[in-house]
Each structure stands twice: as C-alpha cells, then as structure tokens.
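Subject: Structure for you, with notes

Hello,

Here is the structure I promised to pass on. Please open it next to this email.

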Amino acid sequence: MRIMITGGAGFIGSAVVRLVLGETDHHALVFDKFTYAASLGGVPRDHPRLTVREADICDAGAVAQFLARERPDAILHLAAESHVDRSIDGPAQFVRTNVLGTAVLLEQATAYWRALEPGRVFRFHHVSTDEVFGSLGEEGRFTEETRYDPRSPYSASKAAADHLVRAWHHTYGLPVVLSNCSNNYGPWQFPEKLIPHLVLCALDGRTLPVYGKGENVRDWLHVDDHARALLLVLERGAVGHSYNVGGRCERRNIDVAAQICAILDELAPRADGRHADAIAFVADRPGHDRRYAIDASKIARELGWQPRESFEQGLRETVAWYVENRAWCEEIKRRGYDGARLGLGA
C-alpha cells in the first residue's frame, strides 16, 4: 500500500513511519507542516519507500497536488495540534488545524477517491483521542458508544473533526474508519508532555511540577503499541466503525512522577538527595479532566490487537532514552522551547 500519513513527522506519526518502513512493504507518504513539535526521529530520510512533503493540510491546493502525484491507497490522518495547555492559551490555531484542516482534507480526499478507477480500494483513517468523551468518575471506561463531552478547546476541536469524518462517510460515502486513543508515551515525544517534561526537569535540576494534587488519572499507551493498532485498523477495520485503543495502564499523575523519579535515581542520581524531593504541586489546569480510561475490547475482539508493552518496562525504556539522548533535547531548547508553564488561561 501507499499510505499518506498526515502529521507523519509528529510523535505518533513518526512511530507509524518507522513501523511501516521497518516491518512492512508499504510506502510512507509523509505530509506534514513541520511545526514546533515535528521531528522525523529515527526515520532514515533517504529510505526508498519514504516520501516527505512539507505542507499544511489547510492548503487545499497542496493536498490535491500531493494526492494526484503520489496516488495513495489510504490516508492516515494524524495531523493535529495536540497539547491541551496550548489550546487553553490559543484555541484559534486548534480550530484551524484540527477542524478546518480536517474538512479540507476530507473534501480533497473525497474528490480523489471518486476519480479512482473502479474496484480500487481506498480508506481514510481518522485518528482521535479519548479526551472527546470528557471526564470519568472513579468507575467505568470509555467505549465506542460513549457520548461525546469534550471539556477543553483541544478536545472540542478533535470532537468536531470526528463528527466531520462521520458526516463525510454518511453523506458522501467516503470509506472511513476512526480510532480514539489514550495518552501516548515513548521516545521522541516533544517535552511539553508530562513524562518527558518531568524527566528533563529532573535532569536539569529543576523542580518537577505536578498539577493540582496529582490525583488525575490517565490510561497510558506506548506509542509503538499505538502505531501497530493504527496500521491494523487502517488495513482491517470495518468501514464506518470506530475503535478505542488503550494500554490498560491507569495511573495517577503523582504515581507516574514517583516512578520516573525512582528510575532516575538509578540512571542519573542527584548529588543532593532523591529526585522525588523535587516534586512540587502547582496550580491546576483550568477544567482539568479527572480520569480517562479506555475499554479496548472491540479492537481486541475484532482485530486481535493487544498492547505488548507493560507500563513499567515501557516507562523505564522511555526515561532511559531521554537520559541517553540529551543532545536531541538540547536541540529542542535551541529551537525556542523553554519549558515554561502554559495553559493557565491568563
């Protein structure tokens, strides 16, 4: 297959590209704007089955040209603004990319699909988040039938995109599949997200900020497990269906921070005590969702997917990767990232 991967230079997108090039015979056709968080980390740029185009999904002409030239068999739509804190400070960019960009992509994909020769298979896979479902209490998990209840500008923009994709399927017949995932982690993640942010704060000798009382719960999914699920849904998912993808690894944020500190005490000990001594509770995020948890039984039952990485092993390998790749982290800082707090809604 020739797979167009929007956002292919992002954290999840680059993991998919590594999977496609390393474990399949498919071609990876990356279409990415290369914004602040982009990094084709670990991907050989001269690979014969890799094509990279720097462009914006909001640019209808660029999308149409890419489709006409590269002739993909499928589109894996990952391009999105994804950081909740940034969405609180600047929601307009999230609406532009996640909502308008998805609409532009759907419009161009539909025109391309309609012009394909009869009998040629085509698939549009839209990748979303569990945050569109809102916040859970102490019990229960999100299923594919859970009512949408987004609480942040980010999750609202992703919910809107999900609805557009379903509308294009029902109105125009575009063959689509959707997936909603839990919190991803792993190597090459931009350090504004919780795990790499805490690791780099610790390595720099700074305090480790934890929002509120650290009692918010997230379901953690290793990015390589997610990449395998995405490819499986793209290839074998039922048209018109959605699939929840989760790691079955619910953890409170404070417990994740404590685990990171324990690993760092072994790999990069402080000279003046334990890393956990530097944990500091800070002002909570406005509207911070209490708990997310994914019921991934449908993708397990219908497609045979199961996560391979335990959180304990995956977290250890991830922390070790950041310890061993300080040069990559320093380059991120040179590009202007200073780790400053965002999302207070000032």
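First, the ground rules. This is a predicted model, in which local features need pLDDT of at least 70, side-chain atom pairs count only at pLDDT 80 or more, and totals for chains, interfaces and linings use all residues. Residues are numbered from 1 along each chain as its sequence is written, and side-chain values use heavy atoms, with hydrogens and water left out.

Strands

Helices (H or I, at least four residues) and strands (E, at least two) are DSSP runs, numbered from the N terminus. Start with strand β4, residues 74–77. Both of its faces are covered. A74 and L76 on one side are buried, and so are I75 and H77 on the other. Buried means under 20% relative accessible area, exposed means over 50%, and partly exposed is in between (1.4 Å probe, protein chains only).

Two strands pair if DSSP finds at least two bridges between them. Strand β1 (residues 2–6) runs parallel to β4, with four bridges. Here T6 stands opposite H77. Strand β5 (residues 123–129) also runs parallel to β4, again joined by four bridges. L76 has H125 of β5 as its bridge partner.

H125

H125 is buried, at a relative accessible area of 0%. Its side chain makes a polar contact of 2.9 Å with the side chain of S179. The H125 side chain also reaches the backbone oxygen of L230 at 3.5 Å. A polar contact is a pair of N or O atoms within 3.5 Å; within protein, one must be able to donate a hydrogen and the other to accept it, and residues adjacent in sequence count only if both atoms are side-chain atoms.

A nonpolar core is a set of buried Ala, Val, Leu, Ile, Met, Phe, Trp, Tyr and Cys residues joined through side-chain atoms within 4.5 Å. The largest one has 30 residues, and I195, I260, L264 and F311 touch the most other members. Its largest share, seven residues, comes from α6. A second, separate core of 26 residues includes A15, V20, A28 and V127.

L264 has contacts (heavy atoms within 4.5 Å). Leaving aside neighbours within four places in sequence, its partners include V199, L203, H275 and V323.

Rings

There are 17 aromatic pairs. Rings of Phe, Tyr and Trp (its six-membered ring) pair if their centres lie within 6.5 Å; planes under 30 degrees apart count as stacked, over 60 as edge-to-face and the rest as tilted. Y185 and W220 have ring centres 6.2 Å apart and planes at 80°, so this pair is edge-to-face. Y185 is in strand β7 and W220 in strand β9, 35 residues apart. Both are buried.

Q313

Q313 is in helix α10. Its relative accessibility is 39%, so Q313 counts as partly exposed. The Q313 side chain makes a polar contact with the side chain of E317, at 2.9 Å.

Best wishes
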